[in-house]
Amino acid sequence: EQRLDFFGIDGKDIANFPRIAKAMRKLAPPALDRLYDKVRRTPETAAKFSGEAQITGARNKQIEHWQELFSDHPGPAYVERAERIGNIHARIGLDPTWYIGGYARVLGEVIEGAIRRTPGDWLDGGRSARTVTSLVKVALLDMDIALSAYFKAEERSRLSVIDGVGQALGALADGDFTQAL
């Protein structure tokens, strides 16, 4: 609830979920097909999959996740599902860049597809859809770069602690009992 509040996700947003779910049912599958075509052509992401069946399974799980996400108020079951996805990505060594980039691609297509169906977008020749899509993609890129810097700093900190403990234990093993841990 604290996250929802901070993100500004309230009852008005949740009331839009049925419309979002309908758009996702129509627009997400082809967008995911194009994303996974890109995944297949990108060595860093293709290496995370053992074969076509695993790619198809990941695509289908993503569609299922979004359908469940936009079916109800995001609660503990959603958080558990999203954390499970994050843990799978960590286990297979998927860099967050590829995950966030995938979201940028799919959301871009879904947003453009949803906005292009509106009279306002017809009047401005599709510029509104492209503008909103560009905003989302660049915001996610910015988030990826900042999070990558954060993760790298955390990793350096962990490695520094591990190195310090290793040096102290090495000194203890060599008989230097004056080392502080």
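Modeller: Helix H5 passes helix H6 in a left-handed crossing, meaning that the near helix is turned anticlockwise from the far one by less than a right angle, whereas clockwise would be right-handed. The model is predicted, with local features requiring pLDDT of at least 70 and side-chain atom pairs pLDDT 80 or more, while totals for chains, interfaces and linings use all residues. Residues are numbered from 1 along each chain as its sequence is written, and side-chain values use heavy atoms, leaving out hydrogens and water. Helices (H or I, at least four residues) and strands (E, at least two) are DSSP runs numbered from the N terminus.

H5 covers residues 52-69 and H6 residues 76-92; their axes come within 11 Å and cross at roughly 155 degrees. Such axes are lines fitted to C-alpha atoms, for helices over the stretch in contact, and angles run from 0 to 180 degrees between N-to-C directions. H5 and H6 are therefore roughly antiparallel (over 145 degrees; under 35 is roughly parallel, 65 to 115 roughly perpendicular, and the rest oblique). His65, Glu68 and Leu69 of H5 make the contact with Tyr78, Arg81, Ala82 and Ile85 of H6, where contact means heavy atoms within 4.5 Å. This contact has four nonpolar, one polar and two charged residues (Ala, Val, Leu, Ile, Met, Phe, Trp, Tyr, Cys and Pro are nonpolar, Asp, Glu, Lys and Arg charged, and the others, Gly among them, polar).

H5 also packs with helix H3 (residues 17-41), at an angle of about 160 degrees and with the axes 9 Å apart. H3 and H5 are thus roughly antiparallel as well, but H3 passes H5 in a right-handed crossing. Residues of H3 that meet H5 include Phe17, Met24, Leu32 and Tyr36, and those of H5 that meet H3 include Ile55, Ile63, Trp66 and Leu69. By class, the contact of H3 with H5 has twelve nonpolar, two polar and five charged residues.

H3 bends by about 40 degrees at Leu27, with Pro29 following within four residues; the bend is the angle between axes fitted to the seven residues ending at a residue and the seven starting there. Leu27 and Pro29 are among the buried residues of H3 (buried is under 20% relative accessible area, exposed over 50%, partly exposed in between, with a 1.4 Å probe and protein chains only). The cover over these buried residues includes helix H2 (11-15), H4, H5 and helix H7 (96-115).

Ala47 lies in the loop between helix H4 (43-46) and H5, and is exposed, with a relative accessible area of 64%.
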